[in-house]
Amino acid sequence: MRRSALILITTLVPGISFAKDIEQLDKLCVSKKYHNYVNASVTWYENLVDLTIKKDPELEGVAGWFLEGRRNHFKLNEEAFDYFLENDPAKLNFDAPVESWLNLSQEDVKSLSTSQGELADAAKKVFEFRQGKAHEGNYDLRSALASLLSHPKEIDVPLTQYNDAMMKLAETSCDKQ
C-alpha cells in the first residue's frame, strides 16, 4: 500500500512542476486569446437568440433580458481576467482550455460585487441579475433555445462559426519563444 502511494505521488509531482506560469506566456497574446473567446461566446449567444426570435418574435423582450445577462457575465469575466492577469495570475489556470482559464464562483462574484475594487461595478450587475427575479418569459425562452439546440441543421451556421473560432483559439499558442 505504501509503495503504491509513493508511486502515485512521484507520478503526480512532474505534472505539478510543468504547470504553466505566466512568465512562460506572452501576456498580450493571452489577453487577446481570452478576449477572442469572450467575443466568440457572446456572438454564439446572440446568434442563437436571433434564430429563436425569428421563429417566435414574441420572445424578443425576454431575449433582450437574457442577452443582457450573458453580455454582463462575459464582460465581468473579461475584466476579471485582465485584472488577475496583471495583479494575481495565480488565480488563472493556463493548463486548461481557454474557456476555463478563469473560474469565478458565485461566491467570488458576490464578494467582488460588494468590494470597492475595479471589478465591483461589473460584478454587481452580474450578481444582481443572478439574484433577481427571472423574466416572466424566461422558461419560454429557455425551452425555445433547447428546442433550437436539438435541431443541429437549424444552428449549423452559428455552430460552425463558434466551433471554428474555438478551434482557432485552441491552435493559438501564447508560449514565449
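**Aromatic rings and their surroundings**

A: Arginine 70 places its charged end over the ring of tyrosine 45, 5.1 Å from the ring centre; a charge sits over a ring if NZ of Lys or CZ of Arg is within 6 Å of the ring centre and within 35 degrees of the ring normal. The model is predicted, so local features need pLDDT of at least 70 and side-chain atom pairs count only at pLDDT 80 or more, whereas totals for chains, interfaces and linings use all residues. Residues are numbered from 1 along each chain as its sequence is written, and side-chain values use heavy atoms, without hydrogens or water.

Tyr45 also belongs to one aromatic cluster, together with Tyr34, Tyr37, Phe66, Phe74, Phe81, Phe94 and Trp101. The count of aromatic pairs comes to 11; rings of Phe, Tyr and Trp (its six-membered ring) pair if their centres lie within 6.5 Å, with planes under 30 degrees apart stacked, over 60 edge-to-face and the rest tilted. Tyrosine 34 and tyrosine 37 form a tilted pair, at 5.4 Å centre to centre and 55 degrees between the planes. Both lie in helix α2 (residues 27-55), three residues apart, about one turn of the helix; helices are DSSP runs of H or I of at least four residues, strands runs of E of at least two, numbered from the N terminus.

Cysteine 29 and cysteine 174 are joined by a disulfide, S to S 2.1 Å, where the cut-off for the two sulfur atoms is within 2.5 Å. Because cysteine 29 lies in helix α2 and cysteine 174 in the segment after α7, the pair ties together parts 145 residues apart in sequence. The torsion about the S-S bond is about -70 degrees, so the disulfide is left-handed. Cysteine 174 is buried, at a relative accessible area of 6%.

As background, the chain has seven helices and zero strands, and buried residues make up 33% of its 177 residues.

Conventions:
Buried < 20%, exposed > 50% of the residue type's maximum accessible area, 1.4 Å probe, protein only.
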